[in-house]
Structures are given as C-alpha cells and as structure tokens.
Amino acid sequence: MIENNVDTAFFHSWFRKYVKGFYSEDPRIQENIRLKEEHTLRVCKEILQLGKALDLNKNALRLAETIALFHDIGRFEQFKTYGTFNDRVSENHATLGLKVLEETNVLSRLTKTQRSITYKAICYHNVRKLPDPASENPDCLLYSKLLRDADKLDIWLVVTTYYGKRHKHRNPALELELPDTPEYSLCFVEDILNNRVSNSHELKTFNDMKLLQLGWIFDINFTQTFIQIQQRQIIEKIIADLPDTEDIRKIQNHLKEYLNERIFEKNK
Ligand SMILES: [Fe+2]
C-alpha cells in the first residue's frame, strides 16, 4: 500500500528549479533543454491519464506522476556534458538520472518502498525488455509499465511533430545524428513483421530510427495506450515520413492489424 505522502507540488517546484539551472543563451542548448523539460511535463499528464483509465487510486497516481517527473532527470546533465541525447555515445541517461537523484536527495520524503519503486522504474524505462514477472516486484513492474507507455506516447508526439516541421528547422539531437539517406536496414522491417522490438544498436540511418519507433508498438502494455495510438494516428504519421516501398506498405498493414487486434481483445 502506497502511503499518502507524495508531495507532487514540492517535486514539481524542485524540478522547475533544477532544470532552470541548465537554461542557456546558446539557442541549440536551450532548445534541447526545453524539449526534455516539456516532454517530462507531458509524460506526467500521460501517466495520470493512463493511471486514471486503469482506476488507480489517488496515492498510486501521485507516485506515478512523481516517477514520470524524474524519469528523464539525467537528460539535462547528459546534454550539458555531451551535447547529445544518444546514450550510446555518451552514457545511459537513466543511470545518470539515478545519480542526480541520489546526490540531490530530492526523494528523501518518499518512503523506502516508494523510493525503490521510483529508482527501479527509472532504471527500467529505457531497457529493451522489462524483467520477468517472477523476478521483480509486481508494484515495481506496474509503475515501470505505466512509465514506458506514457513515455512512448509522448516521444511519438515529439517525433511526429518534428517530422512535419523538419524541413523548416532541423535538430540533429532528435535524429540521434543519424544520416538522412533513403535507405533503411532490412532487419528493422523483419522485426516489425515478426512483432519484435528492434535493437537500437542496429541503427544506421534516420529511416531506421523511424522503423524502430514504429516497432515500439510491440512493447505497449495497456489497451488504453493502443487506443491512444489509434486515435492519434501515430502509425500513419510515421509511415508518411518513410519511403513509399513494398516493405513499408507491408509494415503499415501489419501494424494496423496488430493495433486492431490489441484493441479488439479488450472488447471480447
Ligand atoms: Fe522520457
């Protein structure tokens, strides 16, 4: 049972102040710090919506919001130190975030259990696969799943908005500095057609990144998230920015069918 002691107002004000410390007069840095700040605040909203749809109680919702608020806290230090959001050429932003939380002791007002759930959910938010249910505490897995779904919903919003306006303003940090060539790697196509989440280590082009993001659909945990994906037309928007080939048309049909099945399952 999560106690009613999560002071989200305090955490939000701490977060605002912390992020302000990274504001910069350099427009490139400022753009990316703001990007992650705004992303974080939207993930808080997404997780609350998701939690409410799942009928979580108020205390559980507060803890979920706190987890969302701190999930990317390592991003600010990451961009300041390395000038990139690419974990592979810098360091794991989740681990970096845990260091920030420990050093600042901002979570000291949580109980030990709440803190442990928060740390683990952050630690698991960017791994390819969550641990097996037999080897991890159910509460920890629930919050990790909520965070992963909420985070993906907002990343999809960020990238689809970006693809639409990219011709006017480029941000290489959002493209993980990958080359924008017409090619894509077939392993990403194969993964999608076999309902597998791809490995980010295989990324070679910007198109690969879009395919990787499409494949996240196989890592979604809640029906409510599938409904949001459909309503927001995530698949269509990402596909629109990929080359018009037989492979891509196949992927589109496959993903649409998968989405319908997942949504239909609930209504059976
Ligand atoms: Fe995130």
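Tutor: Let us begin with a pair of helices, H8 and helix H9 (residues 206–215), whose axes come within 9 Å and cross at roughly 15°. This is a predicted model, in which local features need pLDDT of at least 70 and side-chain atom pairs count only at pLDDT 80 or more, while totals for chains, interfaces and linings use all residues. Residues are numbered from 1 along each chain as its sequence is written, and side-chain values use heavy atoms, with hydrogens and water left out.

Student: What makes H8 roughly parallel to H9?

Tutor: Angles under 35 degrees count as roughly parallel, over 145 as roughly antiparallel, 65 to 115 as roughly perpendicular and the rest as oblique. The angle between H8 and H9 is roughly 15°, and H8 is therefore roughly parallel to H9. The axes themselves are lines fitted to C-alpha atoms, for helices over the stretch in contact, and the angles run from 0 to 180 degrees between N-to-C directions. Helices (H or I, at least four residues) and strands (E, at least two) are DSSP runs, numbered from the N terminus.

Student: Which residues make the contact between H8 and H9?

Tutor: Phe188, Val189 and Ile192 of H8 meet Asp208, Leu211, Leu212, Leu214 and Gly215 of H9, where contact means heavy atoms within 4.5 Å. The crossing of H8 and H9 is left-handed, a word used if the near helix is turned anticlockwise from the far one by less than a right angle, with right-handed used if it is turned clockwise.

Student: Why are H5 and H6 called roughly antiparallel?

Tutor: Their axes come within 8 Å and cross at roughly 155°, and H5 and H6 therefore count as roughly antiparallel to each other. H5 passes H6 in a right-handed crossing, and in this pair Ala94, Leu98, Leu101 and Glu102 of H5 meet Tyr119, Ile122 and Cys123 of H6.

Student: What makes H1 and H2 roughly antiparallel to each other?

Tutor: Helix H1 (residues 8–20) and helix H2 (residues 27–53) pack at an angle of about 165°, with their axes 11 Å apart, and H1 and H2 are therefore described as roughly antiparallel. The contact involves His12, Phe15, Arg16 and Val19 on the H1 side, and Ile33, Glu37, Thr40, Leu41 and Cys44 on the H2 side.

Student: How do you know that asparagine 105 counts as partly exposed?

Tutor: Buried means under 20% relative accessible area, exposed over 50%, and partly exposed in between, with a 1.4 Å probe and protein chains only. Asparagine 105 has 48% relative accessibility, and therefore counts as partly exposed. This residue is found in the loop between helix H5 (93–104) and helix H6 (112–124), and asparagine 105 has a positive phi of about 60° although it is not a glycine. Most residues other than glycine have a negative phi.

Student: Why is glutamate 103 called exposed?

Tutor: Glutamate 103, which is found in helix H5, has a relative accessibility of 66%, and therefore counts as exposed. Its C-alpha atom and that of asparagine 221, 118 residues apart along the chain, are separated by 32 Å.

Student: What makes lysine 145 partly exposed?

Tutor: Lysine 145 has a relative accessible area of 31%, and is therefore partly exposed. The place of lysine 145 is in helix H7, and, leaving aside neighbours within four places in sequence, lysine 145 is in contact with Leu130, Asn221 and Phe222.

Student: What makes a set of residues a nonpolar core, and which residues touch the most other members of the largest one?

Tutor: A nonpolar core is a set of buried Ala, Val, Leu, Ile, Met, Phe, Trp, Tyr and Cys residues joined through side-chain atoms within 4.5 Å. The largest nonpolar core has 80 residues, of which Phe70, Leu211, Leu214 and Ile229 touch the most other members. Its largest share, 10 residues, comes from helix H7 (residues 138–165), and at least three residues are drawn from each of domain 1 (8–148) and domain 2 (178–267). Those domain bounds come from an automatic or database domain assignment. Not counting residues up to four places away in sequence, phenylalanine 70 touches Phe11, Trp14, Leu101, Val106, Leu107 and Ile122.
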